[in-house]
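Have the sequence and the fold open side by side. The questions below go from the whole chain down to single residues.

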Amino acid sequence: MLKLPIRQLAGRFPQIRRSILGCRFATTDSSKPAESEASLQSQLSENDMKRLNQIRNIGISAHIDSGKTTFTERVLYYTGRIKDIHEVRGKDNVGAKMDSMELEREKGITIQSAATHCTWSRTLDQIQSEKQENSVPKEFNVNIIDTPGHIDFTIEVERALRVLDGAVLVLCAVSGVQSQTITVDRQMRRYNVPRVSFINKMDRMGADPWKVIQQINTKLKIPAAAVQIPIGSESEMKGVVDLIHMRAIYNHGEKGEKVEFTDTIPEDLQGLAQEKRSSLIEMLADLDEQVADMYVMEETPSSEQLMQAIRRVTLARKFTPVLMGSALSNIGVQPVLDAVCDYLPAPYEVENVALNAAESEKPVTLVPNNTKPLVALAFKLEEGRFGQLTYLRVYQGSLKRGGYVYNVNSTKRIKVSRLVRMHSNDMEEVEETGAGGICAMFGIDCASGDTFTDGSVHYTMSSMFVPEPVISLSLKPKSKDTSNFSKALNRFQREDPTFRVKLDQESKETIISGMGELHLEVYVERMRREYKVECDTGKPRVAFRESLTKKVPFSYLHKKQSGGAGQYAKVEGYIEYMDAKEDEGGNVVDYEFINKVTGGAVPSQYIPACEKAFRESLEKGFLIGHPIKNCRFVLEDGAYHPVDSSELAFRMATITAFRGAFLQADPIILEPIMNVSITAPVEHQGAVIGNVDKRKGTIVDSDIGEEEFSLLAEVPLNNMFSYSSDIRALTKGKGEFTMEFLKYLPAPRYVQKDLISEYNKQQQK
């Protein structure tokens, strides 16, 4: 069967353009979203529809230093939420509104996601051109969450995208798609979040929006096309040309607050504008059935038809419209706000599903209707001035101050004493939050991911994906008073699911674990500033894993007699390597216990004790004391004594049998391999590559531009310590890097030997 894009099909067979309309084109449209949206709308009143059409819940996401917070600062200024523009890093002793933490302003990075809300009035010029004044709202309520760009704080992006309906993906016009851009794209796909893309920093030297759009298509594998082209390049950028309405847009005023629309497009850009508009229509013809019909009939879509088509394919997550500008130079930000309102979904256009605990967790589609039973999800916890602050997304029903809510997870009934809307670290008291809204409650004892209802239904929302920590650090307070030390650790654990704390039973040290050096460094610094606790930190520890490489049978008899009732248990079976797999909840499982005992050789009441002993053994391996992964334990046979057998006896038998079999299964140590993305000036390329090679890294991809080059490499985490100081020294402070966990691979033999030797020495002390 011949498969061609619509534009090629129409071009190659002009003689059948008209007859081809008799058949339906095979597009990737699914009838299910349309059906579910229609069924949702049927359950909404006219007032609900009017209210929801004016709401947009969006996140601002990007790679580090792409300008997310700078962009959000302009959004807040242009919507009237703040009176003046302040820059990141707090150079004017004020700092960006969304970076409220002192540490964020010092380092110039976002550490915690921050929520705010604003009202955006669409430009009158655009409303008049659409001839849809009755159906298109003129004012929108936009809930915004500004998220961190650094991979160490990826959980902040994860939980924001879990509760948002759409997102603005910010990209750097020079660097394009970078490592964290790919991570954010993966997170957006995980939670089915449609996005509008904004190419920022168009005023920088080396800005190339067409390269960035090509990278979105090839690296992110989502169709993308420009809906604007820049007027002027690099430092000469003055505005943008709107390809949908074919008009120029300029920003005037001291801070770009005045927007001028003109139908006169600069002469030198008219050819490029027509070319890029044709490319946009061609891409939409491949993705949207209605545009495809018009394309084959050689009809030109109107501006309204183009906007409707872009909205359809964006909501279906088959396309991302690309806008461009410079937030720092106050160019092109207002059109992005219009695009958010035009192309991203209202709350009723996103299907949110809960599980009904009362009916064996049967899936239930939630309806954003204020009269329905309340269903809300706690997605973020924060220690505020007045106790724990719990951020909530209301999916169904309404939340009222003074009312009662029911925590489905803890089965507690709680009174809502205070209800607020957040504006970064400022709060505004509200009486009620309706379906589709985002708010916060005070003094509620709950965990991140808990579901709240009004008590009439027992629905639970699926929680977010939480990655495993990859690095650990020993921590010891300098003072003898450890009350604040414990308070800080408990608070940080509640706030951040990727921050783990445990006590090493042998060394009696407190071990903190997280997503990277910066992640742990920030918490140690916050402990010093917020709790006045100075700490000594040990050498960072890599999260090694142990595994086995071959199948080994075991047969062990645990027999102990010391007067009175003794201990007797026998277990037989084998252990073997297994590949990790996903369970029904989407969680990765890398171990398995299988019971194949027949004939009652091991009574059923002792099987759980055997399984529990196996799981406990996995927590601390036998080579270097790190967890064991990729292991299957199969219990096939055994023996028991009617008097001397007990759960304790079978537990001891299982642990000893597993230890003996594991040490015979050619055990190996696995080390975490990191995906490292490096960007630096071209003149330092040789030194950077040499340093990666010295750290036993494997270069996967490289991209050399006029000014900068980017490198993607896979490097063992154990070799990445102190790299931040090395990259600064090698590139005279101009290079930057990010890294994220990729996979586990066997460590080199000499590394394994050193680790085992060091562990044995510690055991002998």
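Predicted model: local features only at pLDDT ≥ 70, side-chain atom pairs only at ≥ 80, totals over all residues.

Q: What percentage of the residues in the protein chain is buried?
A: The protein chain has 765 residues. A residue counts as buried under 20% relative accessible area. The buried share is 54%.

Q: Where in the protein chain is confidence lowest, and where highest?
A: The chain averages a pLDDT of 83, and 88% of the residues score at least 70. Residues 9-33 fall below 50, and this stretch has 31 contacts in the model beyond near neighbours in sequence. Residues 124-134 are also below 50, with 19 such contacts. By element, the lowest mean, 46, is in helix α6 (residues 124-130), and the highest, 95, is in strand β11 (residues 320-324).

Q: Which residues touch the most other members of the largest nonpolar core?
A: In soluble globular proteins, nonpolar side chains tend to be buried together. The largest nonpolar core here has 70 residues. Helix α17 (residues 647-664) gives the largest share, seven residues. The residues that touch the most other members are M527, I575 and F658.

Q: Which residues is F658 in contact with, leaving aside neighbours within four places in sequence?
A: F658 belongs to the largest nonpolar core. Contact here means heavy atoms within 4.5 Å. The partners of F658 are I575, F614, S617, L618, F622, I628, C631 and F633.

Q: Which residues do ring pairs link into a cluster?
A: The whole structure holds 20 aromatic pairs. Some of the rings are joined into a cluster through such pairs. Its members are F554, Y591, F593, F614, F622, F633, F658 and F662.

Q: What kind of pair do the rings of F614 and F633 form?
A: F614 sits in helix α16 (residues 607-619) and F633 in strand β36 (residues 631-639), so the pair ties together parts 19 residues apart in sequence. F614 and F633 are both buried. Their ring centres are 5.1 Å apart and their planes are at 35°, so the pair is tilted.

Q: What kind of pair do the rings of Y723 and F737 form?
A: Y723 lies in helix α19 (residues 723-730) and F737 in strand β40 (residues 736-746), 14 residues apart. Y723 is buried at 1% relative accessibility, whereas F737 is partly exposed at 21%. The ring centres are 4.9 Å apart and the planes stand at 85°, so the pair is edge-to-face.

Q: How far is the C-alpha atom of L284 from that of F319?
A: L284 is found in helix α10 (residues 267-287). L284 is buried, at a relative accessible area of 0%. Not counting residues up to four places away in sequence, L284 touches V291, L306, A309, I310, V313 and F319. L284 and F319 are 35 residues apart along the chain, yet their C-alpha atoms are separated by 8.4 Å.

Q: Which exposed residues does α3 carry on the face turned away from its buried side?
A: Helix α3 spans residues 46-53, and its buried residues are D48, M49, L52 and N53. They cover an arc of only 125° around the axis, so they are on the same side of α3. The face turned away from them carries E46, N47 and K50.

Q: What do the buried residues of α18 pack against?
A: In helix α18 (residues 685-694), V688, N691 and V692 are buried. Their arc is 100° seen down the axis, so they line one face of the helix. On the other side, G686, D693 and K694 are exposed. The buried residues pack against β37 (668-681), β38 (698-704), β39 (708-716) and α19.

Q: Which residue just after α18 takes a positive phi?
A: Helix α18 covers residues 685-694. Just after α18, a positive phi of about 65° is taken by K696.

Notes. Residues numbered from 1 in each chain as written. Heavy atoms only, no water. Buried < 20%, exposed > 50% of the residue type's maximum accessible area, 1.4 Å probe, protein only. Helix = DSSP H or I, 4+ residues; strand = E, 2+ residues; numbered from the N terminus. Arc of directions from axis to C-beta. Core = buried A, V, L, I, M, F, W, Y, C linked by side-chain atoms within 4.5 Å. pLDDT = per-residue confidence, 0-100. Phe/Tyr/Trp six-rings, centres within 6.5 Å; stacked < 30°, edge-to-face > 60°.
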